[in-house]
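Please work through the following exercises with the sequence and the model in view, trying each task before reading its solution.

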Amino acid sequence: MDARAKPDMTEPAVGRALPHDSAHLHVSGRAAYTDDLPEPRNLLHLAVGMSTEAHAEITTLDTTPVLAALGVVAVIDAADIAGENNYGPMVHDDPVFAEGKVEYVGQSLFAVAANTVDAARRAALLANVDYERLPAVLDPEAAVAAESFVLPSESLSRGSPREAIERAEHRLSRRVRCGGQDQFYLEGHIAMALPQEDRGMLVYSSTQHPDEVQTLVAAITNRDAKDVVVVCRRMGGAFGGKESQAALIACIAAIAADRTGQPCKLRLDRDVDMVMTGKRHDFVIDYDVGFDGNGVIEGVDFVLASRCGMSADLSGPVNDRAMFHCDNAYYLDNVHILSHRCKTHTVSNTAFRGFGGPQGMFAIECLIDDVARQLGEDPLTIRQRNLYGLESRNTTHYGQTVADKVLPELLSTLAETSEYTKRRAEVADYNAHSPLLRKGLALTPVKFGISFTSTLLNQAGALVHVYKDGTIQLNHGGTEMGQGLYIKVAQVVADEFGVGVDRVKITAADTSKVPNASATAASSGSDMNGKAAQNAAQKIVGRLREFLARRHGVSEAEIRFAGNEVHVAGERLAFGELVRMAWAERISLSATGYYKTPKIHYDRATFSGRPFFYYAYGAAVSEVIVDTLTGEHRLTRVDILHDCGDSLNPAVDLGQVEGGFIQGVGWLTSEELCWDSGGRLTTHAPSTYKIPTSSDVPVDFRVTLCEGLANREDTIYRSKAVGEPPLMLALSAFLAIRDALATDENPHPPLDAPATPEAVLKAWQGGFL
């Protein structure tokens, strides 16, 4: 279709490459984010006073100079909290304002309310704070040595891994590391709280989880949930960073609004955002593996130690998912996984796209790569030999059957279309004749489980209104962060009514319209909200069918909704006309919808069951070139084949695959988080923290969505989730760099992620730099 042409709105919407519903607003600057909303009269701007110590007792906290500063109206601290001083979503160990002790540099001590942003931020620096330093634990290795954990360590076992490892023909042990990653959303954390009549509180929050913000704001201000309304029309990116930690920002704004009686807005600048809020967990991974002469894994023992930070946040489920995804696409008959959830005196780490899955996959993919090099085999060959089987060897280490038969064929197809074998020979020949520049090539698969691992979260609600003119308003509990959820759900609703998607108005996530909604996370947004909205629409369509069948004396099966019309008894009726007729007959044109994911069950105590409704699959081939004098490297070509089921919107899904892959490349190659010896984050701005740019996208970037692979499970129109799985395709880029560095003399280059030029140069020199 010509990109300039207006889509035909009489055709079915599902499965069409329609533009993002806000695309025209994004490119014209008219999309309203929280900071763009009209500011109410008497609005106060907030800034946060933060700890400068990683671990210390607070001996003095004097905010008198802060309150005396020009433009300051109030200073708010823990004493101003009417309810519980906590924003921890699962464990109540996250104070909004520190009391007596601080546990990371950047922890909030107090907030300043002033007439301008500048006045608030300047005043926040004026407090007199004295500390008595305490010993600080700053990395996972130190935490394990000190037995410092935010949650108890967990283990998962199957078979007899120790015996299998010891009797195996070959054995390897190694430690690898993968770093954390800042979400670096374009729109930073922000919330605006407005006191309402009769103790009501309206909160505009840039959050993936309005219900949780509502719950925590109510608790901290000593209100009921009914008195708090949280609204989010869109976010300028989130990537997990606004799932739990947006509540801190909203709670501070609400406490200030409660204390002053005036509207209050808190917007973090980039440096404060990066210092104050959590990131992807970095992991230290030890493995001990036994394998046969064909590279088939016979037994493996993993030890995972993650930096959780000063509190639990979402570290429990993040680390659980890392344990689940230590297999990626491979059958592990005898396996033991020990997971340490390390308490460190750094910011509490949190959700990030993949939610522990990328770190688990990093572990097994490095292992597979090492097995191949130990045997002198092509890593792709070893990957294929270890894949889950079709009829046997098809049960995960947590007891779920991998019923799909997708990956073997997907890998073979990609290897053929990308000319992997031919290029592998070309890379070897190039490296044999190039002393300074070296090429690398890697093909890696992805198998990613779709559902919240906490079964109770797998539910969604929706609200659909049909107006007398035949237009439709749609609301559901999902939030839009740029991923295209809203247009996908609108496509579903449009097709249920047989109308163009232009007749569907998408409205903001709003806790007063759809209550108790789960976070838009776990790649489940379209699956759950799409089904809930479909359920609501089908209720209304059912009423309209019943009305028409009775009116025309036909069966409901003879009535068809399509092309903005209704076809009944040989007649064609405009949809708007039908609606007016139904309204005149006092037929309800509004409905709520609900969905809960079927078939899933999971015993947290034994780490067993069916935590995932289905799996999403993909594979990528990455080719790189590395300068061994500087450690610099470039992605020269990437081929991706990804399984989206029957895509709801191929344009949106293609964008998710491309963007997810590049974000994963950033995590694994350039985005390095560094702390100094005092626990201060030193990479807290674009000048020191390097996210990928357009110049990092490979010139030859070939992305294909699988065709004819409808989801075997009854998802919305047999589609598959696409938010998180593509990020892990970027493991191929990291392993291609590893491949470039591997030589006969050094088959296992000591390369950790991110593979920055410094890390690459160090690995090329055998770990010495």
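**Exercise 1: a strand and its partners**

Ile472, Leu474 and His476 point one way from strand E18 while Gln473 and Asn475 point the other way, and all of them are buried, where buried means under 20% relative accessible area, exposed over 50% and partly exposed in between, with a 1.4 Å probe and protein chains only. This is a predicted model, in which local features need pLDDT of at least 70 and side-chain atom pairs count only at pLDDT 80 or more, while totals for chains, interfaces and linings use all residues. Residues are numbered from 1 along each chain as its sequence is written, and side-chain values use heavy atoms, with hydrogens and water left out.

Task: determine how E18 is enclosed and which strands it pairs with.

Solution. Begin with burial: 5 of the 5 residues of E18 (residues 472-476) are buried, so the strand is largely enclosed by the rest of the structure. Strands here are DSSP runs of E with at least two residues, and helices are runs of H or I with at least four, numbered from the N terminus. Next, consider pairing, which requires that DSSP find at least two bridges between two strands. Strand E17 (residues 459-466) runs antiparallel to E18 and is joined to it by 5 bridges, with Ala462 standing opposite His476. These two strands form a hairpin with 5 residues between them, and Gly470 in the turn has a positive phi of about 90°. Finally, strand E19 (residues 504-506) runs parallel to E18 through 3 bridges, and Lys505 in E19 stands opposite Gln473.

**Exercise 2: two packed helices**

Task: describe how helix H6 packs against helix H7.

Solution. Helix H6 (residues 210-220) and helix H7 (residues 246-260) pack at an angle of about 40°, with their axes 9 Å apart. That makes H6 oblique to H7, since angles under 35 degrees count as roughly parallel, over 145 as roughly antiparallel, 65 to 115 as roughly perpendicular and the rest as oblique. The contact (heavy atoms within 4.5 Å) involves Val213, Leu216, Val217 and Ile220 of H6, together with Ala247, Ala250, Cys251, Ala254 and Ile255 of H7.

**Exercise 3: backbone exceptions**

Task: where does Phe184 lie, and is Phe184 buried or exposed?

Solution. Most residues other than glycine have a negative phi. Phe184, although not a glycine, has a positive phi of about 45°. Phe184 is placed in the loop between strand E8 (170-178) and strand E9 (190-195), and at 12% relative accessibility it counts as buried.

Conventions: Axes are lines fitted to C-alpha atoms, for helices over the stretch in contact, and angles run from 0 to 180 degrees between N-to-C directions.
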